[in-house]
Amino acid sequence: MRLIMLGAPGAGKGTQAKKIAAIYNIPHISTGDIFRANIKDKTDLGLKAKEYMDKGLLVPDELVVDIVADRLKQEDCKDGFILDGFPRTIPQAESLDKALISMDTKINYAINIDVPDENIVRRMSGRRACLKCGATYHINYNPPQVKDICDSCTGELILRDDDKEETVLKRLDIYHKQTSPLINYYEEKNTLVTVDGTKNIDDITKSIVEILGA
Ligand code: AP5
Ligand code: MG
Ligand code: ZN
């Protein structure tokens, strides 16, 4: 199963991608998580990416395209993968298509999680993220068992730097301008499916599994 998660910042891409990855036993590849890990380790890539991320802007295509293409060539991706946060621009989608053609494969579904802007800001201020394993929680909708501690790896949970309200509004603006055209792009390729992202987390997973099948 080769999948892409589409949706606005805070739509629940990461939350659903992790669950779908576990159900289908495929790797979850989040470009946001890759950048955050690099920022934490203070790598060159991390330092460059942070400049853009803190402002709510997209990291330039050339910094992200090769990372994903290399990741998809790794052994654990040979039976499938779920991409979360990539592609995010039309040029990224085109470069992904090229990479997949060279691997003689293609995307099965692009899953669009649809959530109105009004719901997004409320969600983000309550989000807590694990820097160690990338797991995501919400203080009301999906709380960890122990406050500020990750259920899966006992890492510390933080409020992301880019989850401040003004940065979230900027990210939403960028999403509408640069990323939402991908909905049409995948519709034209007949791979788009849209799920209602305002339902509760488990119901959304159920809807996705119904679409994907066993
Ligand atoms: P990235 O990390 O991908 O952030 P994003 O797309 O803005 O999306 P989020 O991770 O904020 O939201 P999500 O949809 O994963 O939602 P989540 O499941 O956490 O990217 C960050 C930055 O990196 C970008 O701004 C950019 O600068 C850069 N970047 C990354 N990839 C790039 C690329 N390809 N090109 C260029 N730049 C790139 O859920 C959100 C919250 O809601 C959580 O608290 C969760 O618990 C809660 N929640 C989830 N589902 C529900 C539900 N159904 N009901 C109630 N609450 C819910
Ligand atoms: Mg995410
Ligand atoms: Zn963790």
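This is a predicted model: local features need pLDDT of at least 70, side-chain atom pairs count only at pLDDT 80 or more; totals for chains, interfaces and linings use all residues.

Lys-50 forms a salt bridge with Asp-54, with 2.5 Å between the closest N and O atoms. Asp-54 also counts as partly exposed, at 32% relative accessibility. Side chains of opposite charge can pair when their charged atoms come close. The structure holds 16 salt bridges.

**Charge pairs around Asp-162**

Other salt bridges have buried partners. Asp-162 and Arg-160 are both buried. They form a salt bridge, and their closest N and O atoms lie 3.0 Å apart. Asp-162 has a relative accessibility of 8%, so it counts as buried. Asp-162 forms a salt bridge with Arg-171 too, at 3.7 Å between the closest N and O atoms. Arg-171 is buried as well, with 12% relative accessibility. Shared partners link the salt bridges of Arg-127, Arg-160, Asp-162, Asp-163 and Arg-171 into one network.

| Salt bridge | Closest N and O atoms |
|---|---|
| Asp-54 with Lys-50 | 2.5 Å |
| Asp-162 with Arg-160 | 3.0 Å |
| Asp-162 with Arg-171 | 3.7 Å |

**The parallel sheet**

What is the strand order of the five-stranded open sheet? The order is S2-S3-S1-S4-S8, and the pairing is parallel. Strand S2 (28-30) and strand S8 (192-196) are the edge strands, each pairing on one side only. From one strand to the next, the twist averages 25°. Helix H8 (residues 181-188) packs on this sheet. H8 touches S1, S4 and S8, and its direction makes about 145° with that of S1.

Strands of a sheet pair through backbone hydrogen bonds, either parallel or antiparallel. S2 and S3 run parallel and share three bridges. Ser-30 stands opposite Asp-84 of S3. Four bridges connect S1 with strand S3 (residues 81-84), also in the parallel sense. Among the residues facing each other there, Arg-2 has Phe-81 as its bridge partner in S3. S1 is joined to strand S4 (residues 109-114) by five bridges, again parallel. In S4, Ile-113 stands opposite Gly-7.

Why is strand S1 (residues 2-7) described as largely enclosed by the rest of the structure? Six of its six residues are buried, so the strand is largely enclosed. In a regular strand the side chains alternate between the two faces of the sheet. In S1, Arg-2, Ile-4 and Leu-6 point one way. Leu-3, Met-5 and Gly-7 point the other way. Both sets are buried.

**The antiparallel sheet**

A second open sheet has three strands in the order S6-S5-S7, with antiparallel pairing. Strand S6 (136-138) and strand S7 (157-158) stand at its edges. Each has a single partner strand, so one side of each is left without a neighbour in the sheet. Helix H6 (residues 117-125) packs on this sheet and touches S5 and S6. The direction of H6 makes about 55° with that of S5. Strand S5 (residues 127-130) is joined to S7 by two bridges, running antiparallel. Ala-129 has Ile-158 of S7 as its bridge partner.

Leu-131 lies in the loop between S5 and S6. With a relative accessibility of 37%, Leu-131 counts as partly exposed. Leaving aside residues up to four places away in sequence, Leu-131 touches Lys-40, Glu-156 and Ile-158. Leu-131 and Asp-33 are 98 residues apart in sequence, yet their C-alpha atoms are 8.4 Å apart in space.

**The zinc site**

Which residues supply the protein donors of the zinc ion (ligand 3)? They are Cys-130, Cys-133, Cys-150 and Cys-153, each through SG. The donors lie 2.3 to 2.4 Å from the zinc ion. Their spacing in sequence is C-x2-C-x16-C-x2-C.

Why is the arrangement around the zinc ion (ligand 3) tetrahedral? The four donor atoms subtend angles of 99 to 114°. Ideal angles at a metal are 109.5 degrees for four tetrahedral donors.

Cys-130 is buried, with a relative accessible area of 4%. Cys-133 is partly exposed, at 32% relative accessibility.

Technical notes. Residues are numbered from 1 along each chain as its sequence is written. Chains are lettered from A and ligands numbered from 1 in the order in which they are written. Side-chain values use heavy atoms; hydrogens and water are left out. Donors are N, O and S atoms within 2.8 Å of the metal (3.2 Å for Na, K and Ca); water is not among the atoms, so sites may look incomplete. Four donors count as tetrahedral if all angles lie between 85 and 135 degrees; four count as square planar and six as octahedral if opposite donors are over 155 degrees apart and all others between 65 and 115; anything else is irregular. Buried means under 20% relative accessible area, exposed over 50%, partly exposed in between (1.4 Å probe, protein chains only). Two strands pair if DSSP finds at least two bridges between them. A salt bridge is a side-chain nitrogen of Lys or Arg within 4 Å of a carboxyl oxygen of Asp or Glu. Contact means heavy atoms within 4.5 Å. Axes are lines fitted to C-alpha atoms, for helices over the stretch in contact, and angles run from 0 to 180 degrees between N-to-C directions.
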